[in-house]
Amino acid sequence: MTSTRAAGTARGFATQQLHGGAREASVPTPRAQPIYLTAGFVLDDFDQAEQLFAGGDGYSYTRVANPTNEAVERRIAALEGGAEALLVGSGQAAVVVALLGLVQAGEHIVSASSIYEGTRGLLLENLPRLGIETDFVAEANDPAAWERLIRPTTRALFAESIPNPKNDILDIAAIAQVAHAHGIPLVIDNTLATPYLLRPIEHGADIVVHSASKFLAGHGSVLGGVIVDDGLFDAERDGHLFPHFTAPGGRARIAYFREAIALRFGPTASPLNAFLINQGIETLSLRVERQSQNALGVARWLEQQPEVHSVDYSGLESNPFHALAQRYLPAGQGSVFSFTLRGGLDAARRFVNALDVFTHMTHLGDVRSLVLHPASTSHNLRTDEQLSQAGIWPGTLRVSIGIEDLADLISDLDAGLAAVREII
Ligand SMILES: Cc1ncc(COP(=O)(O)O)c(C=O)c1O
């Protein structure tokens, strides 16, 4: 074994390449959020380590806490009007951590049926294997329909504020009332609305989850997820339903999500991704405002086209959710919606293949406009009957409208419709 000496030092080269120049005398304050890309943190001394592991303040390991991730957590909590947030590795992880923190084997969830297909799969296939059952509400804005499905073992109500992909807006306040009458939390996935358009906690939701991969990050480059808690858990009133929430004060719920679920199941977000999400959030309002304006323009145009059978966008006066959208989403109805072509599957295929500005992919909330055919992709495990129950037809397409020039989007869609015209 050779031990090469590094120039000007008593230590060997290998040691120096690890430790040389490591400690800086003083660190300037960077304007951008620093990226603490490190698995863990140096423990100051023996006693500090002991205090830290006994629950004291400080940093030990990135799965427990990381300053870059915390910066995003504080920012999203502030934007959502929540008390505290927890950043995890994906939106799916956020949904899983929140639900596993609330519900255990033998207990029950009631969920809206118009939700992201990945969450539906989790509720239908994965959670039952852990002994957690879910009932689905088709009429999500009918409080009595939720009430009918609540059991003594129900521990969470779940819905999306702007459901993916149908844009069938939820009456959050009405469903929150049902939840609170039973002492259970309403969990709202606010991914498609973002806190710029809608803050569910202001309407009575207790917990908000996001896929930060979408509008929060905004540029389609990273995955992330976040859980926001309102910090109002009332142990005296509801503690008998959730005896595992033992931390003191209203933040007992998020403390459990953080310290018992995320810490041990381990869906940690990379600090590098946290940085990119943080940077994305800095332009959230500008992007979402423009995306909503573009989406309304596209929806209005599509509605006029003879090749289009229907458009599911709550910003349209003709949409059955328009009044609710005006109440909950006065600043814009978001960028994601579906529409259905005449001519079924063949029309959808021709349409998608003729697009150029729109990117064909399974993602949303990007600055670029995206398109997907749910029946043959995200929803391909559903039967025809389940698809029609969800309002997803062979000619249905989901779009996520970006920040491009509206005229270019419309001319691209027009090229798609020209390809459809040949067969209908
Ligand atoms: C509404 C909604 N929630 C959650 C998710 C899952 O997020 P992720 O892809 O970041 O895991 C998605 C993904 O499309 C979504 O649309």
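This report walks through the ligand site, the strands and the aromatic pairs of a predicted model.

## The ligand and its shell

Let's begin with the ligand. There are 14 residues around the ligand, and those that come nearest are G91, Q92, D189, S211 and S213. By residue class, the shell divides into 8 polar, 3 charged and 3 nonpolar residues.

In S213, an N or O atom of the side chain is 2.5 Å from an oxygen atom of the ligand. D189 also uses its side chain: one of its N or O atoms is 2.6 Å from a nitrogen atom of the ligand. With Q92 the backbone is involved instead, a polar atom there being 2.8 Å from a ligand oxygen atom. As for cover, the ligand taken alone exposes 390 Å², and the protein buries 91% of that.

Next comes strand β1, which spans residues 84-88. Are its residues buried or exposed? The count is 5 buried out of 5, so β1 is largely enclosed by the rest of the structure. In a regular strand, side chains alternate between the two faces of the sheet. Here E84, L86 and V88 lie on one side, A85 and L87 lie on the other, and both faces are covered.

Strands of a sheet pair through backbone hydrogen bonds, in either a parallel or an antiparallel sense. For β1 the partner is strand β7 (residues 225-229), and the two pair in the antiparallel sense over 5 bridges.

## A buried histidine

H210 is part of strand β6, residues 207-211. Its relative accessible area is 2%, and the cut-off for buried is under 20%, so H210 counts as buried. The side chain of H210 also has a polar contact, at 2.6 Å, with the side chain of E80.

## An open sheet of five strands

Which strands make up the open sheet, and in what order? Reading across, the order is β8-β9-β12-β11-β10, and the pairing is mixed. The edges are formed by β8 and β10 (359-360), each of which pairs on one side only.

H360 has V371 of β11 as its bridge partner.

## Aromatic pairs

A search of the whole structure turns up 8 aromatic pairs. One of them is F245 with F257, an edge-to-face pair with 6.5 Å from centre to centre and 80 degrees between the planes. F245 sits in the loop between α9 (235-238) and α10 (252-265), while F257 belongs to helix α10, so the pair ties together parts that are 12 residues apart in sequence. Both F245 and F257 are buried. These two rings also belong to one aromatic cluster, made up of F233, F242, F245, Y256 and F257.

How are the rings of Y313 and F337 arranged? Their centres are 4.9 Å apart and their planes stand at 50 degrees, so this pair is tilted. Y313 comes from the loop between β8 (308-312) and α13 (322-328), and F337 from strand β9 (residues 336-341), so the pair ties together parts that are 24 residues apart in sequence. Y313 is buried, and F337 is buried too.

How values were computed: Residues numbered from 1 in each chain as written. Predicted model: local features only at pLDDT ≥ 70, side-chain atom pairs only at ≥ 80, totals over all residues. Heavy atoms only, no water. Phe/Tyr/Trp six-rings, centres within 6.5 Å; stacked < 30°, edge-to-face > 60°. Helix = DSSP H or I, 4+ residues; strand = E, 2+ residues; numbered from the N terminus. Buried < 20%, exposed > 50% of the residue type's maximum accessible area, 1.4 Å probe, protein only. Near = heavy atom within 4 Å. Polar contact = N/O pair within 3.5 Å; in protein donor to acceptor, adjacent residues only side chain to side chain. Areas by Shrake-Rupley, 256 points an atom, 1.4 Å probe, with all protein chains shown as cover. Nonpolar A, V, L, I, M, F, W, Y, C, P; charged D, E, K, R; others polar. Pairing = 2+ DSSP bridges.
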